Amino acid sequence: LEDAYDGVYQLAHNPLLALAFSGTVISIAFFNFAGISVTKELTATTRMVLDSVRTLVIWAVSMAIGWQNFFFLQLIGFCILLCGMMLYNDIIILPAIKFILIKLGVMQPEVAAYRDLEVDAEPDEFEREVTLSREDDDNK
């Protein structure tokens, strides 16, 4: 277990450690603010893609500085992570498979079309007036 008192003591007596800690707190706060802004203005899918790019940038910088060695297995794992994210968010893999199946004639374009949950309806179709009266309550 960590010793919280010793951690606070070290932060108070080591200015470099306090600077690194403050930088970490500020960068996490900035990242969360930027993530919320991206989700608000664009989509959560865009935020997930940018989060993956952030992971790649941190990995590349840590290797460039010399903090970490390159292992080919890490690259394979990162590719699996990206493929899973793209499959989950229906970004590249499923649309490509649908495109190939349509070109081969296995799937009809109407079936492969992405449909939202929204129903295309006339504006007047869903406008109904509901009124309750005392007579309805008395009949029950």
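Mentor: Start with helices: they are DSSP runs of H or I with at least four residues, while strands are runs of E with at least two, and both are numbered from the N terminus. This is a predicted model, where local features need pLDDT of at least 70, side-chain atom pairs count only at pLDDT 80 or more, and totals for chains, interfaces and linings use all residues. Residues are numbered from 1 along each chain as its sequence is written, and side-chain values use heavy atoms, with hydrogens and water left out.

Trainee: How many helices and strands are there in the protein?

Mentor: Seven helices and zero strands. G66 follows α3, and its phi is positive, near 105 degrees.

Trainee: Why is S62 called buried?

Mentor: Buried means under 20% relative accessible area, exposed over 50%, partly exposed in between (1.4 Å probe, protein chains only). S62 has 10%, so it is buried. S62 sits in helix α3, residues 44–65.

Trainee: What is S62 in contact with, beyond its neighbours within four places in sequence?

Mentor: W67 and Q68. Contact means heavy atoms within 4.5 Å.

Trainee: What makes the buried residues of α3 line one face of the helix?

Mentor: Those residues are S52, W59 and S62. Seen down the axis of α3, they fall within an arc of 95 degrees, so they line one face. The arc is taken from the directions between the helix axis and the C-beta atoms.

Trainee: Which element do the buried residues of α3 pack against?

Mentor: They pack against α4 (72–88).
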